[in-house]
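Hi,

Here is the structure I promised to pass on to you. Have a look at it first, and then read on for what turned up inside.

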Amino acid sequence: MADRKRVGIVELARSLGLSTYTVSRALNGHGDVADETRKRVLAAAQEIGYTPNALGRTLRRGRADTVGFLLTPSPGGLVDSYFLPLLTGIDAVLSPAGYAVLVAGAAPDEQELETLRRLVEGRRVDAVILTRVRVDDPRAAYLRRQDFPFTMLGRDGDRPGTPFVDADHRASGRAATAWLAARGHRRIALINTPEQVNASRQRLDGWQEALAAAGLVADPAWHRCGDYTARSGGRQAEALLGLSPRPTAILCGNDEMAFGAAEAVRAAGLSVGHDVSIIGCDDIPIAGLANPPLTTFRTSLRPFGEHLAEQVLALLRGETPPSHLVLPELVERGSAGPAPVEQG
């Protein structure tokens with residue numbers, strides 16, 4: 001039997017005594033090839049191990065039938081709890097339309113940009129979905145220069161024209177802080193996601209606005225940034241609890257950091273939800289199973305993925321799809337409550 005790794009369309013055509021044109025038409029299901037010939041070609045292809053040249057086919061057809069999903073994992077490898085529902089929604093829309101999803105992960109540096117260049121300039125994808133979008137994101141700038149179709153989970157500033165799907169982090173930061181202030185909290189800290197991420201800037205604005213509305217001062221010492229991981233949340237919470245006076249509430253930029261902050265509160269001999277209230281963001285599946293259950297903002301990520309995929313399909317049709325800005329829902333649980341009574 002022929003080497004299954006090296007048999008191409010020329011060898012297949014030669015073995016059948018047919019032209020490569022006829023064999024190609026038969027393999028791609030064109031109607032101008034007789035049924036008997038098509039069956040003979042398909043049977044022979046299976047028998048001798050014909051392997052199509054994917055890159056050549058992509059170049060000939062002008063498309064890859066693939067959408068790149070550029071994943072920027074956190075230092076803790078946060079993928080499953082956050083991104084899987086998103087990817088499920090993306091695939092649910094793209095797969096029936098004939099597109100596969102190629103997940104490419106790289107650290108947010110030159111390696112990430114090089115990965116993106118290989119996907120785009122190698123014609124391996126027809127469009128790109130960016131995640132964890134940063135302010136003045138170099139990936140978005142590159143794709144705009146290339147005039148390449150892309151959409152974003154998040155925003156790189158307030159630039160018009162590029163479609164995005166995002167939670168309204170400014171509104172949720174404002175709502176969480178106002179919720180705590182209405183329950184008597186006067187020392188409300190914020191452990192934010194990385195500073196360069198646009199969502200972090202928006203959340204910070206909302207926190208500052210709500211504090212000002214409540215007549216409270218947004219002390220810079222009460223705002224810290226983690227890296228999405230529980231370890232960073234614990235480390236930043238430990239520093240906040242070392243302040244005098246310490247905070248009575250901590251708003252966290254995601255649930256993983258909130259879990260870490262809760263552990264730091266317990267390690268300090270304090271009670272979560274009584275001595276120190278904690279609010280997270282994302283409502284990942286284990287949030288309701290924490291002890292106490294985590295108060296957090298719910299964003300349904302599968303619909304986010306569906307919106308992103310629909311935007312991609314619209315871009316590939318030459319259309320300009322609308323963006324989606326969604327207000328998360330505050331899910332009240334046991335990790336947050338009234339401010340503790342101060343002991344004089």
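A cavity here is a set of grid points where a 1.4 Å probe fits but cannot get out, and its lining residues are those with an atom within 4 Å of a point. Please keep in mind that this is a predicted model.

By that definition, the second largest cavity is lined by Ser-172, Gly-173, Arg-203, Leu-251, Cys-252, Gly-280, Cys-281 and Phe-297. About 30 Å³ of space lies in it. Helix H8 (169-182) and strand S8 (249-252) each supply at least two residues of this lining, and by class the lining divides into four nonpolar, three polar and one charged.

Around the largest cavity are 29 lining residues, with Tyr-82, His-169, Ala-199, Tyr-228 and Asp-282 lying nearest its centre. Helix H5 (80-94), strand S5 (164-167), helix H9 (198-213), helix H11 (255-267) and helix H12 (301-316) each give two or more residues to that lining. The largest share, four residues, is from H9.

Val-165 is the bridge partner of Leu-153 and stands opposite His-324 in S11.

Now to the packing. The largest nonpolar core has 38 residues, and Ile-191, Ile-250, Ile-278 and Ile-279 touch the most other members. Elements giving two or more residues to this core include H8, H9, S8 and strand S9 (277-279), while H11 gives the most, with seven residues. A second, separate core of 22 residues includes Val-165, Phe-304, Val-312 and Leu-313.

What does Ile-279 touch, leaving out residues up to four places away in sequence? Among its contacts are Ala-176, Trp-179, Leu-180, Ile-250 and Phe-297. Leu-251 and Cys-252 are also touched by Ile-279, and both of these, like Phe-297, line the second largest cavity.

Conventions. Residues numbered from 1 in each chain as written. Predicted model: local features only at pLDDT ≥ 70, side-chain atom pairs only at ≥ 80, totals over all residues. Heavy atoms only, no water. 1 Å grid on protein atoms, 1.4 Å probe; cavity = no way out; pocket = protein on both sides within 12 Å on 5 of 7 lines; lining within 4 Å. Points joined across faces, edges and corners; volume = space filled by probe spheres on them. Nonpolar A, V, L, I, M, F, W, Y, C, P; charged D, E, K, R; others polar. Pairing = 2+ DSSP bridges. Core = buried A, V, L, I, M, F, W, Y, C linked by side-chain atoms within 4.5 Å. Buried < 20%, exposed > 50% of the residue type's maximum accessible area, 1.4 Å probe, protein only. Contact = heavy atoms within 4.5 Å.
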